[in-house]
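Thanks for coming, everyone. Please look at the sequence and the structure on the screen, and then we will walk through them together.

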Amino acid sequence: MQLDAQETATARFLDGFPDPTWSVDPTGRLCAWNRAAESVLGVPAVAVLGRYPQEVFATVPLETGPVDLRDADGRVVSGSAVLWSDGDLRHTSVRVCRGDVGVVSRRLLEGLLEHVGDAIVTVDPQGLVQLLNKGAERLYGVRAADLVGRHVRGLCRDDDGIEEYLDAVRRELVAGRTWSGVEVELVTASGRSLVVESAATALFDGHGGYAGAVLVSRDVTPVRELEQSLRAATRALRDRASQMAKATHRDALTGVAARSLLQERLSAALGAAVDADEPVCVLAADLDGFRAVNDSYGLAAGDALLIAFAAHLRSALPPSATAGRLGADEFAVVLPGTGEEQAERIAAVVRAWTPPAPLPARGRRADDRAVGVTVGVVRATPVECRSPFDTGVRSVLQRVEDAVAAQKSGGDGARRRASDRASDRASDTAS
């Protein structure tokens with residue numbers, strides 16, 4: 001029979017189908033019959049081309065759905081027919097249900113799988129390997145020739161693990177559930193540790209019984225290793241950020257709170273004082289003669305002086321107190337729940353500090369002021385306790401700094417003037 005160009009192209013196209021497939025021309029005659037149809041049904045193309053389908057089949061598939069055909073020996077070939085049209089041609093393809101779909105279609109399927117990058121292994125119900133593509137050879141480090149016909153456990157070193165995996169796959173597939181996107185950690189026969197993402201498709205025989213599975217695996221080890229590296233880097237960055245945050249809240253030299261942390265603690269203490277009706281006092285301390293020490297003995301001596309005083313300051317405080325550094329030689333202490341009397345006792349201890357070792361006479365200038373401590377104490381007013389953060393905290397810190405300045409001036413009149421200024425500012429805040 002002579003075929004036109006369209007029918008010839010169709011015949012070549014259908015030969016790529018793994019299932020028995022044929023085409024009918026506008027006259028109702030068979031014009032294409034692929035190699036899978038020749039193999040499965042046992043009828044060569046030359047014997048059917050140009051004939052009507054009803055001359056070839058006892059029952060001609062007329063619609064999509066289940067169908068029973070007979071091969072050249074009269075055996076029933078069960079399958080599911082799919083019908084579609086392409087221009088003037090009508091096509092029929094039958095997905096055969098029985099296990100053996102013919103040598104040609106099986107070889108065609110194997111050829112297609114060789115070009116798939118994923119690892120594909122076909123196993124029977126007992127776990128014996130029926131097919132293993134090149135992707136599986138590369139992934140598991142085995143040869144198909146060594147493993148086909150043997151148990152799939154040969155892919156891995158963990159026999160128990162692969163058995164459990166196959167049992168789980170079988171249970172899910174037989175129950176009609178999907179098996180997809182399941183990650184499995186394994187050690188291949190070649191010794192590689194892998195994380196693979198697996199999927200499986202069930203195979204059934206002509207009676208609907210479980211006939212094995214097609215196992216598809218994809219190596220996701222590099223992805224998971226990258227994710228672990230990113231998580232580790234993220235943790236390191238968070239730790240670094242936490243350390244930097246702590247560093248910004250602590251004075252690097254003396255270890256006491258930085259100004260920002262001291263202000264936060266003072267704000268919290270003012271707010272708590274309103275709820276608990278407790279007093280809040282703030283103590284400020286300024287080192288006398290500190291600049292002269294820096295000028296006469298150098299910065300190292302000045303740093304040592306600050307460190308020694310900070311240690312003394314912390315030792316004089318109750319556990320609830322927060323000591324902080326406001327400036328070069330200026331310190332402050334938040335004393336929540338502390339009345340003025342107790343605050344004054346603490347101030348006396350702080351004020352009694354002297355350098356741990358006397359400064360050498362050499363290098364000292366005649367007009368250098370003796371090293372000591374000036375201390376001031378104020379109690380937060382109810383208005384300051386109820387004020388917003390900026391207003392209340394700034395007001396208290398300004399008043400305690402004024403109190404220190406008044407102490408440095410050395411006169412009761414100066415102390416009264418500083419107190420009057422602080423009271424005026426507190427009144428202005430209230431208004």
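Start with burial: of the 431 residues in the protein chain, 39% are buried. Buried means under 20% relative accessible area, while exposed is over 50% and partly exposed lies in between, with a 1.4 Å probe and protein chains only.

A word on the source. This is a predicted model, so local features need pLDDT of at least 70 and side-chain atom pairs count only at pLDDT 80 or more, while totals for chains, interfaces and linings use all residues. Residues are numbered from 1 along each chain as its sequence is written, and side-chain values use heavy atoms, with hydrogens and water left out.

Next, the elements. The protein chain has 15 helices and 14 strands. These are DSSP runs numbered from the N terminus: helices are H or I with at least four residues, strands are E with at least two.

Now the cavities. How many cavities of 30 Å³ or more does the structure hold? Two. A cavity is a set of points on a 1 Å grid, over the protein atoms alone, where a 1.4 Å probe fits but cannot get out; lining residues have an atom within 4 Å of a point. Points are joined across faces, edges and corners, and a volume is the space filled by probe spheres set on them.

The largest cavity holds about 130 Å³ of space. It has 15 lining residues, and Tyr140, Leu155, Ile162, Tyr165 and Ser217 are the closest to its centre. β6 gives the most to this lining, three residues. By class, the lining of the largest cavity has 13 nonpolar, two polar and no charged residues. Nonpolar covers Ala, Val, Leu, Ile, Met, Phe, Trp, Tyr, Cys and Pro; charged covers Asp, Glu, Lys and Arg; the others, Gly among them, are polar.

The second largest cavity has about 50 Å³. Its lining includes Asp124, Gly127 and Arg170. Here α7 gives the largest share, three residues. The classes are six nonpolar, one polar and two charged.

Last, a helix pair. The axes of α9 (residues 259–276) and α14 (residues 389–409) come within 10 Å and cross at roughly 110°. Axes are lines fitted to C-alpha atoms, for helices over the stretch in contact, and angles run from 0 to 180 degrees between N-to-C directions. So α9 is roughly perpendicular to α14, a label for angles of 65 to 115 degrees. Contact means heavy atoms within 4.5 Å. Among the contact residues are Leu266 and Leu270 of α9 and Val393 and Val396 of α14.

Terms used:
On a 1 Å grid over the protein atoms alone, a cavity is a set of points where a 1.4 Å probe fits but cannot get out, and a pocket is an open set with protein on both sides within 12 Å along at least five of seven lines; lining residues have an atom within 4 Å of a point. Angles under 35 degrees count as roughly parallel, over 145 as roughly antiparallel, 65 to 115 as roughly perpendicular and the rest as oblique.
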